[in-house]
Amino acid sequence: MMQKAKILLVDDRPENLLALEAILSALDQTLVRAASGEEALKALLTDDFAVILLDVQMPGMDGFETAAHIKRRERTRDIPIIFLTAINHGPHHTFRGYAAGAVDYISKPFDPWVLRAKVSVFVDLYAKNCQLKEQAALLRLQLEEGGGEQALGGALLGELSARLAAVEEQAEALGKQLDGAEDAGVAATAAHLERKLVGLRRALDAMRPGSS
């Protein structure tokens, strides 16, 4: 069974965190609270997250500064960030959010259905990426234990290929759902996953008997 994805909720107001939990509880994932930018960065040191919902206006380290720290860390730089803000200072303010590394910028009050749908897409992408990593790890393990490519028998290659095909099928279905999506962050994440799948498939095909 696939492990639940973690979603990081960052807001200095407890009532806002409670509202986010109510909206996202239907996704049946693990919701992690952080009441400040510092607390969020601490959580990111030990856990992997599918997406971060980050409030812009916070005392001390605000959302923009928190996002900058997240994007500077190699471990966390690829985690999608959705900015949430109660204020709207126009296009310049929104541009600052995207420049800080956000994949989306949503003004409060927001539509709960829209927010849940956006977060759901990133949870799905995260799940497919985790499956891909598992297949790659299995492949490396078999190579190391077998002493090289020659030790990979037809049965093992067939099993790996079948597992990868399942991930490819799910990723293709997700790609069709996202076809034409205007969200640049979602499109970039999906393209990154597709490139990884293509690379792993080529590696497997190269190990088949008779391949050049």
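A salt bridge is defined here as a side-chain nitrogen of Lys or Arg lying within 4 Å of a carboxyl oxygen of Asp or Glu, and by this rule the count comes to seven salt bridges. The views below come from a predicted model, in which local features need a pLDDT of at least 70 and side-chain atom pairs count only at pLDDT 80 or more, while totals for chains, interfaces and linings use all residues. Residues are numbered from 1 along each chain as its sequence is written, and side-chain values use heavy atoms, with hydrogens and water left out.

**View 1. The salt bridge between D104 and K118.** The side chains of D104 and K118 meet in a salt bridge with an N to O distance of 2.7 Å. This pair links distant parts of the chain, with D104 in strand β5 and K118 in helix α5, 14 residues apart; helices (H or I, at least four residues) and strands (E, at least two) are DSSP runs, numbered from the N terminus. D104 counts as buried at 7% relative accessibility, whereas K118 is partly exposed, with a relative accessible area of 25%; buried means under 20% relative accessible area, exposed over 50%, and partly exposed in between, using a 1.4 Å probe and protein chains only.

**View 2. The salt bridge between D55 and K108.** D55 forms a salt bridge with K108, and the closest N and O atoms of the two are 3.2 Å apart. The pair links distant parts of the chain, since D55 belongs to strand β3 and K108 to the loop between β5 (104-107) and α5 (112-146), 53 residues apart. D55 counts as buried at 5% relative accessibility, while K108 counts as partly exposed at 21%. A network of salt bridges links D11, D55 and K108.

**View 3. The salt bridge between R75 and D48.** In the salt bridge that R75 forms with D48, the closest N and O atoms are 3.2 Å apart. R75 lies in the loop between α3 and β4 (81-85) and D48 in the loop between α2 (37-46) and β3 (51-55), so that the pair, 27 residues apart, links distant parts of the chain. R75 counts as partly exposed at 47% relative accessibility, and D48 counts as partly exposed at 45%.

View 4. In helix α3, which spans residues 63-72, the residues G63, F64, T66, A67 and I70 are buried. They cover an arc of only 160° around the axis, which puts them on the same side of α3; the arc is that of the directions from the helix axis to the C-beta atoms. At the start of α3, a side-chain oxygen of D62 reaches to within 3.2 Å of the backbone nitrogen of F64.

Definitions and conventions. A polar contact is a pair of N or O atoms within 3.5 Å; within protein, one must be able to donate a hydrogen and the other to accept it, and residues adjacent in sequence count only if both atoms are side-chain atoms.
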